[in-house]
Amino acid sequence: MASPSPVPSVRRVLVDTDTGLDDAHSLMYLLAQPDVRIEAITTIYGNTPVVDSARNVRTVLRLAGREDIPVHLGEAAPIEGEASIADFVHGTDGLGDRFERAELRVEEESAVDAIVRIAAENPGEVDLHPLGPLTNIARALERDPDLFLKFRSVVIMGGAGPYPAPGGATLTDANTANDRRAAEIVFGARNAGNVIMVGVNVTATAILDEHVLAVLRGVGTPWATFAGEVLDAYNDFYQYKWGRRISSAHDGLATVVLHRPEIVTSWIEGPVDFTPYADSLATRIALTHDGLPLVWGTPEGPTIRAVTAFDGTEFLRRFVQALSTGPTRPQR
């Protein structure tokens with residue numbers, strides 16, 4: 001299977017995000033890396049309506065002093081049906097209703113147009129990083145079916161890895177469930193062995209615990225204070241899952257995998273299938289947990305590479321350091 005191109009000295013990234021709480025942490029991580037250049041940020045509905053998503057991006061960029069990065073407004077609803085907004089997790093504004101947010105300012109060019117253009121103008125040089133529902137990406141693929149062949153990598157926070165081990169739980173994720181048709185288009189698109197699924201099977205275990213919040217609050221800078229408030233707001237929801245004020249860095253893990261794929265300790269590769277489950281959608285690599293074919297056969301489709309395990313200590317070190325120390329100007 002083909003591997004992504006060698007990592008350049010400066011990693012160029014196009015982020016597609018439904019900017020809620022964990023998305024904000026992902027943007028902060030990227031902005032803190034001296035070897036990352038964010039080419040553009042495209043926005044989508046999901047954690048919050050698309051306009052709020054764009055305002056939240058602007059809020060993070062204002063904090064980082066990086067308001068030069070272009071922001072493009074994306075789709076407001078899935079290809080079919082109504083948008084499902086996770087305000088019960090991320091608050092009515094997507095940032096936990098805790099901050100004075102930046103004003104809306106976006107480029108005239110739409111998110112879909114920007115995705116298609118950036119891929120065409122920079123073949124093999126930019127990483128695409130979807131963190132929300134896949135509607136923008138699917139619409140871009142409708143315009144250019146070879147889109148993924150033009151990105152260096154496509155690292156998606158979504159899906160659920162392979163089928164669970166016997167007795168294990170069937171996992172679903174909001175990003176693919178919010179637009180099933182888009183997920184089918186994205187995971188069915190031609191690729192160069194460069195599409196990576198970072199699913200909830202692994203992101204749910206990327207835990208930011210009480211110590212992380214204490215560290216962020218102890219730094220005392222506006223950057224770390226913002227990161228701490230975001231985490232505290234996320235814990236408002238997650239405390240009812242574990243009985244502790246801890247939460248999963250779903251988007252954060254996907255972002256560190258994009259930037260530092262060496263933290264991944266195991267992968268599984270195969271086509272993707274989709275199963276409605278508990279009013280959601282199980283989007284999975286069509287293999288058993290140990291890599292065997294499904295009893296009813298393997299569906300046709302392009303191969304997707306899914307993360308199944310990662311170095312938790314190294315993830316936490318890198319992620320908390322970025323949320324603590326703040327932004328850097330990218331190399332040019």
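The entries below follow the order in which I looked things up.

**Entry 1: the sheet.** I noted before starting that this is a predicted model. I then traced the strand order of the open sheet, and it reads β3-β2-β1-β4-β5-β6-β12-β9. That makes 8 strands, with mixed pairing. I checked the ends next: β3 and β9 (264-270) are the edge strands, and each has a single partner, so one side of each has no neighbour in the sheet. β1 and β2 run parallel and share 7 bridges. Valine 15 has isoleucine 41 in β2 as its bridge partner.

**Entry 2: the hairpin.** I moved to β10 (residues 272-277) and β11, which are antiparallel and joined by 6 bridges. The two strands form a hairpin with 2 residues between them. In the turn, I read a positive phi of about 50° for alanine 278. Phenylalanine 274 is bridged to threonine 283 in β11. How much of β11 (residues 280-285) is buried? I found 5 of its 6 residues buried, so I logged the strand as mostly covered.

**Entry 3: helix α4.** I listed the buried residues of α4 (residues 111-121): Ala111, Val112, Ala114, Ile115, Val116, Ile118 and Ala119. I then asked which elements these buried residues pack against. The strands are β1 (11-17), β2, β3 (71-72) and β4 (126-130), and the helices are α5 (135-143) and α6 (147-150).

**Entry 4: asparagine 47.** I located asparagine 47 in the loop between β2 (36-43) and α2 (50-64). Is asparagine 47 buried or exposed? Its relative accessibility is 11%, and the cut-off for buried is under 20%, so I counted asparagine 47 as buried. Its side chain makes a polar contact with the side chain of histidine 90, at 3.1 Å. Leaving aside neighbours within four places in sequence, I found asparagine 47 in contact with Asp18, Gly20, Asp22, Asp23, Ile85, Ala86, Asp87 and His90.

**Entry 5: the largest pocket.** I read a volume of about 840 Å³ for the largest pocket. Its lining has 30 residues, and Thr172, Asp173, Ala174, Tyr238 and His250 are the ones nearest the centre. The elements giving two or more residues to this lining are α1 (21-31), α3 (87-90), α7 (174-177), α11 (222-242) and α12 (250-259). The largest share is from α11, with 4 residues. Sorted by class, I have 14 nonpolar, 9 polar and 7 charged residues in the lining.

**Entry 6: the second largest pocket.** The volume here is about 220 Å³. I noted the lining residues, among them Pro162, Tyr163, Pro164, Asn201, Arg284 and His289. The classes are 7 nonpolar, 3 polar and 1 charged.

**Entry 7: cavities.** I counted 2 cavities of 30 Å³ or more. Asp22 was already in my notes as a contact of asparagine 47.

How values were computed
Residues numbered from 1 in each chain as written. Predicted model: local features only at pLDDT ≥ 70, side-chain atom pairs only at ≥ 80, totals over all residues. Heavy atoms only, no water. Buried < 20%, exposed > 50% of the residue type's maximum accessible area, 1.4 Å probe, protein only. Polar contact = N/O pair within 3.5 Å; in protein donor to acceptor, adjacent residues only side chain to side chain. Contact = heavy atoms within 4.5 Å. Pairing = 2+ DSSP bridges. 1 Å grid on protein atoms, 1.4 Å probe; cavity = no way out; pocket = protein on both sides within 12 Å on 5 of 7 lines; lining within 4 Å. Points joined across faces, edges and corners; volume = space filled by probe spheres on them. Nonpolar A, V, L, I, M, F, W, Y, C, P; charged D, E, K, R; others polar.
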